[in-house]
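Could you walk me through how this protein chain is put together?

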Amino acid sequence: MLGSPLPRVEDRRLVIGQGRFLDDLGADALAAAFVRSPHAHARILDIDVTDALDVEGLVAIYTWEDLPGRAADPIPVSIPHPGLTASRTGYALAREEVNHLGEPIVMVVARDRYLAEDAAGAIVVEYEPLPPVVGIDAARRADATVHEDVPDNIAGVIRQTCGDVDGALARAPHVLDLDLTIERSMAAPIEGRGVLARVDPDDGRLVIHTSTQVAHAVRAVVAYLLGLPETAVDVVTPDVGGAFGLKGVRPWPEEILVPLAARLLGRPVKWVEDRRENFIASAQERAQQQHVRVGFDDSGRVLGYEIDIWHDIGAYSQYGLVVSQNTSSHLLGPYAVPAKRATVTALYTNLVMVAPYRGAGRPEAVFAVERMMDRIADHLEMDRAAVREVNLIATDQMPYGHGFRGQDGREVVYDSGDYPAALEKLKELIGWDEFEEVRAAARREGRTVGIGLATYVENTGLGPYETARVHLLPSGRVTVATGITSQGQGHQTTLAQIVASELGVPHDVVDVTTGDTRAVRYGVGTYASRGAVMAGNAVARAAREVRAMALDIAADTLEADAGDLELVDGTVRVKGNPGTALPLSTLAVLSNPLRYAFDEQARSATQFVAPHHDDRPPLPDGAQPGLEAVGFHSPLRSTFANGVHAVVVETDRATAEIRILRYCVVHDCGRVINPLIVEGQIHGGVAQGVGGALYERMVYDRDGQLLNASFMDFLMPFATEVPQNIEIDHLETPSPLNPLGLKGAGEAGVIPAVAAIASAVEDAEGFRIDAMPLSPSDLFELRRRFAKGDIEPLSGEEARRRGA
């Protein structure tokens, strides 16, 4: 079953409207709404709820002063980091001060959402505006501060060094400096965040349905903040309409407040984020300024580099420095560079906090490194692919350690990959060596085209562990439960394929449950391209235990040696003698010795019918009833997927519109479970990469007001802007770090896209592209500046060949 392009089993239910998303639940619930800050930075002087008390259907109003116990404390930092020297987090409801537009101040609970919004609108909050810090330049100047006790606006700094960087730069025949910029963007899932909580009236259990990527983490932190044992809280993730990292934050203020209200009121309470809330109150990502200094020799070989990055992390550091760390540890690329130094400075601003958005710091790192490689090629008048070939890590150098630390806290060691082969495949796929003919033909037609490429290496399969429970039922069906959650990755299909492969059963008898803390006691979640690697291997380990149990029972029943048995088509049979066989369903029955029968199958497991031995108990020592096992996968370190993207663009000579003509991907995610699903993941990632390169940016004014907080103004690519035929070739180099040889694929499409498109536009236009995203207006302005001589042309042979 592994490697088969099976259609996703979950799709039919979703396509015909039978999905169950958060807002499909809780029809009997009270509704919550929030009063949110209209200011980016202000003191709260007074909250007057008088007029709201007259709204019919009002049930409760909560401010910070109403929050009990730990719920009134600052929200805990999710991922502490030694570099986070000035950690500051917000409160579930603002206390005395607001630090970004959209920060929650008051929660209102009413009979329905309309009434809750009416009551919220009647609440008057008096503010004293404070100077806002908007953007990286303002944060670095520190004329104003986000937090009074952080005078330099620096939340923390990550410094990583390997080799003699200063010596390498001093000895290098060539040294270049680059200044680069990437703007803020956001995930914009079609379904916003949402929480439904209810308390069981009989046993007092708190049941939370939340649109999250990390059900077990939400359970742990909410239980802690509400003063409950974890065993008294269940978290269930329904169908999720997109997440992209945004829903991996734990906890959101609403995930504390809605369950708290349900407990205090003794009634179910629900909140679903509206679109404006998603724009102003949900986490964003990407914004960085980068300075690169690189030294290299005449062949293009990089001798050393140092990269300084200033990262806007918003008003709070609740998610720690994970995104900054991810950028730092991905400034390595697939290149064998002996000396490198990276410094990432995380800066507070009066904008909504930063948390992972698909790629999570990696696209920014790839942008820096790949722009550097293109600049070296231009300086030396070399082919851009040739410069990369000179620097690639060779296969006989694997595993390759870099001396940097990754976001798992462990040294970055590339476990596997064939980077030269991937680049060669990509050149063949896009027709790299023949592109000058394409350019010449376009020029004869009065058109301008360019080609670009970008490589990447991505840490995937992040620990610390993942859990899976596999249970073979007497009916012959197999149930699987795991700690990851699903937001469109096809887990119900891929995990079923793994079980089918391990147990020799059809994939359509496997039922998969994700994101339910009632199904598995321990779990971690879905993020960082870890689902298939972590849950897939946990499922394989559990299925192999079930397989061993089934073979032992069959060997005893058939009086055969377990080594002579095989699992085929849902039966255990003697090798070479298929007539001597037992269905797995029968073995599931025999695995559970019974006293009382209820059907013919159960009868076969009772004391006078089942085969037994007088010299041992019905359930041998160390055995358990049933064919059920729990498996854990805990890797030594991350696996590293890799790939290369290439893109051909056309830039309109009159309007400066940028159109993608071809997009090619060579990708290595280790052993491929389901190529159809992997390609779907790549397609989705490329679509978001195109958005990040050409369309998506958060536009704030100097007061911290978001000027494009709607889909009328925030641009995302339509189907007409996404490449219609993304050409993909797979390269499989299995990882040695897990039994199935898997590496992740979920973020592969987005990570190098911005860098590849920047390279292609630069190639088409003949001048440097240092900032992304790049709109037609931006390109038009760059052309104007280029014509005035304000921007240097590319100096290489390629540019001269184009007549730039």
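## Basis

This is a predicted model, in which local features need pLDDT of at least 70 and side-chain atom pairs count only at pLDDT 80 or more, while totals for chains, interfaces and linings use all residues. Residues are numbered from 1 along each chain as its sequence is written, and side-chain values use heavy atoms, leaving out hydrogens and water.

## Overall fold

The protein chain holds 20 helices and 31 strands, counted as DSSP runs (H or I, at least four residues, for helices; E, at least two, for strands) and numbered from the N terminus. Its radius of gyration is 29 Å, close to the 28 Å of the globule rule for 804 residues, so the chain is as compact as a globular protein of that length. That radius is taken over C-alpha atoms, and the rule is 2.2 Å times the number of residues to the power 0.38. The C-alpha trace spans about 95 × 75 × 50 Å along its principal axes.

## Buried parts

Of the 804 residues, 59% are buried, meaning under 20% relative accessible area with a 1.4 Å probe, protein chains only. In helix α8 (residues 322-329), 8 of the 8 residues are buried, so this helix is largely enclosed by the rest of the structure.

## Nonpolar cores

A nonpolar core joins buried Ala, Val, Leu, Ile, Met, Phe, Trp, Tyr and Cys residues through side-chain atoms within 4.5 Å. The largest has 94 residues, with Ile376, Tyr414, Ile757 and Met772 touching the most other members. Helix α9 (residues 362-380) gives the largest share of this core, 10 residues. Apart from it lies another core of 42 residues, including Leu503 and Val572.

Conventions
Buried < 20%, exposed > 50% of the residue type's maximum accessible area, 1.4 Å probe, protein only.
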